[in-house]
Amino acid sequence: MRGSSASRCIVAAIPIQFDLPMNTVRAIYPGSFDPPTNGHLDLIARGSKIFDHLVVAVLNNAEKEQPLFTSPDRVEMLRETTREFGNVSVETFDGLLVEFARQQRAQAVLRGIRAISDYEYEFQMALMNRRLAPELETVFMMPAEKYSYVSSRLIKQVFHLGGSVEGLVPPIVLERMRRHSPPI
Ligand SMILES: Nc1ncnc2c1ncn2[C@@H]1O[C@H](COP(=O)(O)OP(=O)(O)OP(=O)(O)O)[C@@H](O)[C@H]1O
Ligand SMILES: [Mg+2]
């Protein structure tokens, strides 16, 4: 009796193992991306190498008072600049990141660390997200050194004051920034 039930289990287990994508890791890369920078793209390129699928998640952030670009514009720019990656998609989200990660069936969150100044906030967020969703891992990556000081906020400030941000944002982003709000 025991033998026959064991062999039934083994026979039943084989197709299940083949059906499940056992080692597939899906990650979310959340942010405002207002605007997307070469630092963001550097991180997306690194993430796309280690994850099976990376969802770039644009926060519909109400609290950031005057965004430069609407979230549909940010999504469009990110889709255009990540087209070369077959395993990257771009979505928007609202509310708790852990809920969005659950909806997306993601196992990991990708975040970038530029300098020590990022660390404290990122550490707090990672631990809070772990408390809310223990199954979700936060993975930190560092950009190429040449982008380690680049932030969307700084790009906007420099651009508005007439400084060059060429080489720090993708050409289509620069073109849209020029069209959208010419420097003073
Ligand atoms: N140059 C960069 N190198 C590595 N990671 C980055 C870089 N810029 C942003 N990130 C990371 O990307 C994620 C999303 O960041 P976010 O959209 O807030 O960009 P940001 O440049 O920090 O924008 P803001 O200045 O508006 O806060 C965060 O984990 C952030 O640390
Ligand atoms: Mg930021």
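This is a predicted model: local features need pLDDT of at least 70, side-chain atom pairs count only at pLDDT 80 or more; totals for chains, interfaces and linings use all residues.
1. Residues are numbered from 1 along each chain as written, while chains are lettered from A and ligands numbered from 1 in the order in which they are written.

2. Start with the ligand. Around ligand 1 there are 18 residues, and Gly31, Gly39, Gly112, Pro143 and Arg153 come nearest. A residue counts as near if its C-beta atom, placed from the backbone, lies within 6 Å.

3. Helix H2 (38–50) gives the largest share of this shell, three residues. Strand S4 (108–112) and helix H6 (152–160) each supply at least two. Helices (H or I, at least four residues) and strands (E, at least two) are DSSP runs, numbered from the N terminus.

4. Now H2 itself. Its 13 residues reach 19 Å from first C-alpha to last, close to the expected 18 Å. The expected span is 1.5 Å times one less than the number of residues.

5. Buried residues of H2 include Gly39, Leu41 and Ile44. Buried means that 20 or more other C-beta atoms lie within 10 Å of the residue's own, with C-beta atoms placed from the backbone.

6. Four of the five residues of S4 are buried, so S4 is largely enclosed by the rest of the structure.

7. S4 has parallel partners. Two bridges pair S4 with strand S1 (26–31), and five join S4 to S5. Strands pair if DSSP finds at least two bridges between them.

Technical notes:
A residue is buried if 20 or more other C-beta atoms lie within 10 Å of its own, exposed if 12 or fewer, and partly exposed in between; C-beta atoms are placed from the backbone.
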